[in-house]
Amino acid sequence: LGKVETYIREKLEREKLHFVLLDPDDVSPEVAGELARMSEEIGVDAIMVGGSTGAEGEVLDGVVKGIKENSNLPVILFPGSHGGISKYADAIFFMSLLNSRNPFFITGAQALGAFQVKRYGIEPIPMAYLIVEPGETVGWVGDAKPLPRHKPKIAAAYALAGQYLGMRLVYLEAGSGAPQPVPPEMIALVKRVIEVPLIVGGGIRTEEQARAAVKAGADIIVTGTAIEKAGSIEKAREKLIELNRGIKG
Ligand code: 1GP
């Protein structure tokens, strides 16, 4: 295993993890740097960078650099396609949107990006990416057939298939800004079925929601909108502290 994945595995033996997602389309390099610095101070475990629209090229590079200059947290790319690669990042979730209807999001973008990941020496971390209703922007862009919220067994079947295909992480995604996070019942069944770490994100805005997801079995919680849209740096700090408390207990 690579450096970032080893770091994740070792930390998971002791605690649940909190990853903060920054979308280069929503934050400037300066704000990203400030949020990353605060995140590290508060006890967040990694910064994810990505988005479905506009998170590419110079805009992406600038945000990754802004984060690297202001914190020592690992920066993990969370790409919407092969456009979401930056040579300044430490690792990349090499993810397949298993419940997409479009092969581009299952293997196509991955093939188009593979040589770039190799050339830049970015650590790839294979991940099964599953979109749960409502799916928001990523569900629409990724041409997903969103997993029904009241059918945890379908989610569990996809998650186990991901593990059997060799993916070392499973991500249950309700979509950024989702009105409700992934239901705890779904998290619980998926967790019972798989052995690889489970990431949960989308619509987690409060300490209670974060705690409920962890209690149901999530190993890693991703928060984005609640922090990016807090309104001010001071409010973002309070939100980070609140969410981190829900995750770390
Ligand atoms: C989106 O799961 C992440 O990919 C985070 O979602 O922005 O709703 O926190 P939020």
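Here are legends for several close-up views of this predicted model.

Residue numbers start at 1 in each chain and follow its sequence as written. Because the model is predicted, local features need pLDDT of at least 70, side-chain atom pairs count only at pLDDT 80 or more, and totals for chains, interfaces and linings use all residues.

**View 1. Helix H2 meets helix H10.** Helices (H or I, at least four residues) and strands (E, at least two) are DSSP runs, numbered from the N terminus. The axes of H2 (residues 29–42) and H10 (residues 233–248) come within 10 Å and cross at roughly 35 degrees; axes are lines fitted to C-alpha atoms, for helices over the stretch in contact, with angles from 0 to 180 degrees between N-to-C directions. The crossing is right-handed, that is, the near helix is turned clockwise from the far one by less than a right angle. On the H2 side, the contact is made by Glu34, Leu35, Met38, Ser39 and Ile42, and on the H10 side by Ile233, Ala236, Arg237, Leu240, Ile241 and Asn244. Contact here asks for C-beta atoms, placed from the backbone, within 7 Å.

**View 2. Helix H2 in its surroundings.** The 14 residues of H2 reach 20 Å from first C-alpha to last, close to the 20 Å expected at 1.5 Å a residue (the expected span is 1.5 Å times one less than the number of residues). Buried in H2 are Ala32, Gly33, Leu35, Ala36, Met38 and Ser39; a residue is buried with 20 or more other C-beta atoms within 10 Å of its own, exposed with 12 or fewer, and partly exposed in between, with C-beta atoms placed from the backbone. These buried residues pack against strand S1 (17–22), strand S2 (46–49), helix H3 (57–70), helix H9 (225–228) and H10. Just after H2, look for Gly43, with a positive phi of about 110 degrees.

**View 3. Helix H8 alongside helix H10.** H8 (residues 207–216) packs on H10 at an angle of about 25 degrees, with the axes 7 Å apart. Glu207, Glu208, Ala210, Arg211 and Val214 of H8 meet Glu242, Leu243, Arg245, Gly246 and Ile247 of H10.

**View 4. Ile204 in the loop between S7 and H8.** Ile204 sits in this loop and counts as buried, with 28 C-beta neighbours inside 10 Å. Not counting residues up to four places away in sequence, Ile204 touches Pro181, Gln209, Ala210, Ala213, Ile221, Thr223 and Ala226. Thr225 is 21 residues away in sequence but 8.4 Å away in space, C-alpha to C-alpha.

**View 5. Tyr129 in strand S5.** Tyr129 belongs to S5 (residues 123–131) and is buried, with 26 C-beta neighbours inside 10 Å. Beyond four places in sequence, Tyr129 is in contact with Met95, Ser96, Leu97, Leu98, Tyr171 and Glu173.

View 6. A cis peptide bond, with omega about 5 degrees, joins Glu133 and Pro134; Pro134 lies in the loop between S5 and H5 (136–141). Glu136, which is not a glycine, has a positive phi of about 50 degrees. This residue of H5 is buried, with 21 other C-beta atoms within 10 Å. Asp143, also not a glycine, has a positive phi of about 50 degrees, and is found in the loop between H5 and H6. With 16 C-beta neighbours inside 10 Å, Asp143 counts as partly exposed.

Notes. Contact = placed C-beta atoms within 7 Å.
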